[in-house]
Amino acid sequence: MISGILFLCAVACMVAGHVFKVCRWGKSFLSVYEDPPMGSLLNAMAVGQAVNAILPVRAGDFFRVFWAGRKLKNGYAFSAASVITDLYLDLATVSMMFLILLLSGKGGRQMQAMAQGYLLLIILVIPVTVLCILFRKIIKKLICIVASVFNQKIEFDVLLISYLVILSLKDIVVRIYKKKLFIYTAGMWIGYAASYVLFAEMLQRSGHFCTASEVFMALFSGMGLRGMEISVQGAWTAYILLPLVACMVIAAIIGNTSKQEQGYKKTLPQMNQSDRLAFLRTYYAEEKREYIQSYLDINKDVTVMQDHSAGSNASTVTIMKNDGNIFFRKYAFCEDGSKLKEQIEWIEHHQVVLPLPIITESRCETDYVTYDMHSYRGSEGMFQMIHSMPTEKNWEILKHVLNDIHFELHSMNRRKADSETLEQYIESKVSKNLKVIRKSDKYIKALEQYDVLWVNGKKLHTLRHYSKMLEKGHLTDVFREDYYADIHGDLTVENIIVVTDPAEMSTAEYEGKVKPLNYYLIDPNTGNVHDSPFLDFAKLLQSLHGNYEFLMMVSSVKIRKDCVEYMMVKSEAYAQIYHKYQVYLKEHFSLKEVLSIYYHEIVHWLRLMPYKIQKDEKLAVVFYTGLLMVLNDVKEMEENEQKKAGSF
């Protein structure tokens, strides 16, 4: 009778220990990212422990990873990382207990041998951990190199699991609530210790001499049920399996769903696996370390659906929040964050003049600035519209945009340009960028050794041929009649968003009145120095004349001495819109002003080049050739006008 009560109490204490263990796993390790379904974790732990009792080398932990990973929103990789972290902590605790037993002199030779084995293991693990921390850069690069040997799927899995293990171990030290971790760990081992004592007492009353330390040794010998004496194997089997059955019953009662289905932090926010792989490669290559944590903090509660980042240090992405709503998010770090803050202020100030995005949320932190924009239903980029709708309809929308810009925005704060600001503009946006281009490390510097290049079979002069055009005196003369006003600063085709859903086309309110909305503008640029309205018209030229969006699609380039080759799509739709835009410019501006607009397009290409060189100098050659094409066209246009006028 007493033996039966002792056995039931031992089982109950073991169940309590298992429950505390699962709480530590779920509420400490996993809860850093999500609120896990506790029933599923109990089932996973029970299945894993049962397999460990039957098979050697803790094979049940693989079942535990799989069983939990099915219910975790962050998947199997996160499950594996959390189990590895859990085992790491258990190894440290069990080794400490064996050390205590070793020092106390309890147990026979087998106990001493096991204690020494665990101590040897922890003695190896601790220095390895310290070395991993000290030489983490080298180790991360080695992991990246080893992973790259496999196909992309295996490479991604290897990088992700190791990334999550690193992150989980770091979170134990930095982010996990230490008091809660201590309480769960203490509760777990108090439950287990009480169970060992009660079970040993039960065996002794049944005529089998056994101490609590021997129960502990038997459970952590790695042999499971196979290592038990035949005479007590039934009792041991019941002792190990009944608590696991009880955990499964508890799991069935509490269920396998999380109370917070929507609220969880993603281990990686990107939806596209190629984007996730690119992020992991950056992480392991130790590139942009200062931005990694800020990026994760910015996007911790959303799914990044698509990255639209282009020619600046600010990033634009489409995000989906946990409630299913979709927004555009823009963010930038450090000094670029300050520029983004100015952008937020510009949008808020000019809402009464232009159709602009509705900012739903913004954050201005020390290391970064970010804001979210409402995404209108049925909205589509002007680039897609140009290539899917008739030219006349597209031009009607674009003309509407141009008129709003020209007659509304450019009438605000209109003033004369001053020579000091113009000089600063030429120095910072032209002279400085030309130096960067000419001093580039490899490809462009080599191409600049030639007078002429052959680009996709077309003859183009290198920059030296246009040196007079880019001289300070000549540029000052071209821009002399510019005036200043409030400008958008980045009026490319991709920054014009067309609203096609009739339900959304009358929702914008300006000056207290609801006005028809069939487009809105995103990404204003406040860092122009020379705030001439001609910069806006020149930005649109960069798209329609310079084919900027199509150059962005180029993924590879071949360079052989003075020959450059790459595949680029030619757009008849762009050509037709560009022709209409040329007519518009001639109707609204003098020949001198049109020339200034085209020269500002050249400046825009010069401003773009340092970003492209920094990102990928070989691909930057594509944009370098785009600059040469624009320079060639503007030079011909200027010479033709000079011939017509006799002199300029």
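Colleague: Quick one to start with: does Phe-383 count as buried or exposed?
Modeller: In this predicted model, Phe-383 counts as buried, because its relative accessibility is 14% and the cut-off for buried is under 20%.

Colleague: And Tyr-574, what does that one count as?
Modeller: Tyr-574 counts as buried too, with a relative accessibility of 1%.

Colleague: Let's talk about aromatic rings, then. How many aromatic pairs does a search of the whole structure find?
Modeller: The search finds 26 aromatic pairs. One of them joins Trp-189 and Tyr-192, whose rings are 5.6 Å apart, centre to centre, with an angle of 80° between the planes, which makes the pair edge-to-face.

Colleague: Why are Trp-189 and Tyr-192 about one helical turn apart?
Modeller: They are separated by about one turn because they sit three residues apart in helix H8, which covers residues 178–205. Both Trp-189 and Tyr-192 are buried.

Colleague: Back to Phe-383 and Tyr-574: what kind of aromatic pair do they form?
Modeller: They form an edge-to-face pair, with 5.9 Å from centre to centre and 80° between the planes. Phe-383 belongs to helix H14 (residues 382–386) while Tyr-574 belongs to helix H21 (residues 572–588), so this pair ties together parts of the chain that are 191 residues apart in sequence.

Colleague: Which residues form one aromatic cluster?
Modeller: That cluster is made up of Tyr-163, Phe-279, Tyr-283, Tyr-284, Tyr-295, Tyr-331 and Phe-333.

Colleague: Changing topic, where is His-18 found?
Modeller: His-18 is part of helix H1, which runs over residues 2–29, and with a relative accessible area of 5% it is buried.

Colleague: What is His-18 in contact with, leaving aside its neighbours within four places in sequence?
Modeller: With those neighbours left out, His-18 is in contact with Met-45, Gln-49, Tyr-192, Pro-243, Leu-244 and Cys-247.

Colleague: Now the backbone. What is phi of Asn-456 near?
Modeller: Phi of Asn-456 is near 50°, which is a positive value in a residue other than glycine. Asn-456 lies in the loop that links strand E8 (452–455) and strand E9 (458–461), and it is partly exposed, as its relative accessible area is 39%.

Colleague: And Val-529, where is that found?
Modeller: Val-529 is in the loop between strand E14 (519–521) and helix H19 (534–544). Its phi is near 70°, again a positive value in a residue other than glycine, and at 28% relative accessibility Val-529 counts as partly exposed.

Colleague: Zooming out, how many helices and strands does the chain have?
Modeller: The chain has 23 helices and 16 strands, and of its 648 residues 49% count as buried.

Colleague: What does the chain span along its principal axes?
Modeller: The C-alpha trace spans about 120 × 60 × 40 Å along those axes. The radius of gyration of the chain is 34 Å, whereas a compact globule of 648 residues would have one near 26 Å.

Notes:
Residues numbered from 1 in each chain as written. Predicted model: local features only at pLDDT ≥ 70, side-chain atom pairs only at ≥ 80, totals over all residues. Heavy atoms only, no water. Helix = DSSP H or I, 4+ residues; strand = E, 2+ residues; numbered from the N terminus. Rg over C-alpha atoms; globule rule 2.2 N^0.38 Å. Buried < 20%, exposed > 50% of the residue type's maximum accessible area, 1.4 Å probe, protein only. Phe/Tyr/Trp six-rings, centres within 6.5 Å; stacked < 30°, edge-to-face > 60°. Contact = heavy atoms within 4.5 Å.
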